[in-house]
Amino acid sequence: MKSKYLPPCMRSLWNSYQNSRRRPSNSASSSRNLDEIHDNQGFRKALVVLATEDPRLQPFVDLLNANDDPDVDHTEDIKRALDELRRTNERELAGKDTKQNTPILSASPFSELRNAGFHVSDDEVQSVDFVGDPEFHNWGFTVKFKPSWTLVVRSINGVCQVVKWASQTGRKVRVAGFRHTWTELYGNNGDIMIMFLPIETLVKLPYELPPKSWSTELSGIEVVPAVVDRVAPPGHAFVKIMAGTSNDQLRQWSFDNKAWCMPFNVIMVEVTLGGTNAVICHGSGFSTSTLSDLVAEICYVDARGTLQSITDPDELRAASGSFGLLGVVTSVTLQLDAMGVAELVPTKLSLPLAIPPPKGYPIPEEIQKMIKKEKITDSQLEQARLNFIQRCEEDYYLEWFWFPYEDTVWVNTWKRRDLTANDMDLKPYPDTGLDGVTSQNLQEDAAEIITTTFLWKALPAYWQARLLAIATMAILPSVKSDKDAIVTYVSEALHFRRGIQNFRCWDSEWEVPIGSINGQRDYETIQRAWWDGLSSVYSRSKEAPMRLTFEMRLMGCSNVLLAPQRGNTQGTISIEMLTTLATPQDEWASFIQLVADKWTNYNVKDDSGKLLYPRPHWAKQWSGLRVHGKPIEQYLKEDAYGSAFAEFKASFQNILTKRGLTVDETRARFGNTLLDGLIFD
């Protein structure tokens with residue numbers, strides 16, 4: 001970033017900051033200047049000075065000040081600061097073409113279906129009418145194309161009729177919910193895009209629930225006594241969940257009934273179960289697998305517009321995580337656990353001690369300074385390593401967050417216990433107080449507003465990362481001892497953070513296998529993956545391409561054919577980097593390539609000595625990467641998945657043949673260019 005693009009009041013400090021970085025590392029003044037900017041209080045003071053020169057920056061100071069008093073309700077102060085940022089941004093952008101997607105005007109009955117002789121009511125299938133360009137874009141703005149039609153469908157019959165009409169007109173049908181997939185797993189120009197919730201609910205920010213008048217057959221939850229002749233094992237239940245059901249609806253259902261809950265899940269509540277299952281999403285904990293592993297039955301509309309069902313366990317290994325290639329999924333029946341109780345003890349640990357580096361690891365200079373400043377000894381590092389392993393072995397849920405250039409890590413691991421009669425009145429979590437759902441929604445909305453303003457984009461990259469890190473760490477809870485644990489239901493603990501939908505970001509995640517040493521889990525692989533991520537961030541602190549968070553969850557393996565975790569018998573490191581949309585795309589692309597080079601370079605083997613391959617999360621950002629000198633698509637076909645694609649293809653064909661369909665007609669109706677190239681071509 002060049003100083004000439006900064007507001008005038010920022011230039012002198014930015015130039016000083018840049019000059020300090022160019023001085024020799026043994027320069028006392030250089031170390032002092034950098035330390036002042038890296039230090040939270042020094043950083044805050046610098047921002048206050050700038051705000052006195054340019055009042056447009058005062059809202060940033062106000063937002064940081066609000067974090068200083070977590071026990072005081074700053075809602076109105078935050079709203080005023082955000083309103084001022086909006087007004088400033090509107091004044092700056094007045095008269096300029098911001099190229100934002102145009103607002104939705106309305107949804108109207110899809111007359112083409114009835115005109116073609118298909119029997120649907122006005123409410124069953126509606127077309128979305130846009131003002132201007134009806135271009136589709138995903139939540140993270142990494143995918144865009146122009147569908148021929150964007151339809152909201154409210155019934156299974158509506159899905160069947162749309163597919164039959166698409167067959168007559170030679171169009172493909174793809175489904176999109178909240179659009180949280182960053183890769184090209186959607187459709188192409190001319191395809192028909194359908195969804196099961198109001199489009200305003202799915203794409204408008206900040207997120208709002210569907211109106212109370214909204215009704216649909218494709219959203220709902222029902223306990224079923226059996227799936228064909230299978231009954232759920234003791235302590236479990238089969239629960240049929242319609243594909244348009246959101247995580248928030250499922251969470252609320254579990255809270256209200258206090259009988260059954262997901263054993264694991266993604267954190268977000270603003271996603272649908274049809275969407276998260278389709279791309280083989282996961283949760284956290286060594287005892288957990290993927291959502292697709294929970295599927296006991298999947299119902300879908302096939303290429304001829306007929307409702308089908310799959311319950312055979314062998315067929316489900318392909319069908320449960322098949323990306324919509326078989327057809328439009330209308331429901332999944334999942335095996336849920338009996339409701340449990342989570343005892344949360346989130347804490348903030350010193351960065352070097354949260355997950356200590358492997359012995360001999362080249363620790364970044366900045367972290368060496370932390371170790372020296374905190375007087376951390378080798379014996380403390382060793383004890384921290386043992387504590388980390390104990391946490392992994394004993395806790396049910398395992399998750400670590402680090403925000404760029406912070407001295408501490410937020411550790412969110414917790415234990416699970418059975419529900420008792422004394423647990424029937426536990427409160428929701430987060431609650432509705434200052435640190436509750438309303439506050440979290442506002443915080444995420446604030447982050448989206450702030451990071452899209454021209455003032456924010458004028459700030460140096462490192463400052464953007466630091467501001468977000470300071471603000472985030474200030475609001476995250478920290479419990480001092482087990483006796484102060486936050487006690488809530490598992491279904492609440494899984495969704496500890498709300499409002500994520502309100503803050504768009506980019507996200508690249510890898511599933512890194514954990515190796516085996518003498519039949520035991522190799523924890524050094526986990527340490528190395530974590531520290532390779534940290535080192536990558538510090539090596540690019542000037543550009544600060546990772547401006548949100550570095551997150552790691554530890555989980556088990558999977559039996560689903562195309563699950564990235566398949567074969568990882570000792571567990572999987574689900575590790576990801578996130579940044580804001582204000583980050584230059586080329587800097588982000590080069591950074592996730594740097595990280596991928598490290599995470600795909602481990603010689604990890606299973607108990608039998610078989611080499612295990614890291615694989616990207618299907619829904620996250622990996623397009624354009626290279627692995628071992630190959631385009632990533634070639635790496636996936638030749639190395640990472642190998643025979644798995646052939647297994648999937650054979651099972652896919654078998655499923656269709658048994659039901660009187662062909663691969664060609666199914667691909668013609670539901671195919672995806674990226675997946676066709678990987679699996680079928």
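The structure is a predicted model, in which local features need pLDDT of at least 70 and side-chain atom pairs count only at pLDDT 80 or more, while totals for chains, interfaces and linings use all residues. Residues are numbered from 1 along each chain as its sequence is written, and side-chain values use heavy atoms, with hydrogens and water left out.

Thr-333 lies in strand S13 (residues 328-338); strands (E, at least two residues) and helices (H or I, at least four) are DSSP runs numbered from the N terminus. Because its relative accessibility is 1%, Thr-333 counts as buried, a term for under 20% relative accessible area with a 1.4 Å probe and protein chains only. Leaving aside residues up to four places away in sequence, the contacts of Thr-333 include Val-224, Phe-238, Leu-294 and Glu-297, where contact means heavy atoms within 4.5 Å.

Helices H19 (residues 523-539) and H20 (residues 585-599) pack at an angle of about 150 degrees, their axes being 10 Å apart. Axes are lines fitted to C-alpha atoms, for helices over the stretch in contact, and angles run from 0 to 180 degrees between N-to-C directions. H19 and H20 are therefore roughly antiparallel, the class for angles over 145 degrees.

In helix H15 (residues 437-451), the 15 residues should span 21 Å at 1.5 Å a residue, and the end C-alpha atoms are 21 Å apart, which agrees; the expected span is 1.5 Å times one less than the number of residues. H15 is mostly covered, with 11 of its 15 residues buried, among them Leu-442, Glu-444 and Ile-449.

Conventions. Buried < 20%, exposed > 50% of the residue type's maximum accessible area, 1.4 Å probe, protein only. Parallel < 35°, antiparallel > 145°, perpendicular 65-115°, else oblique.
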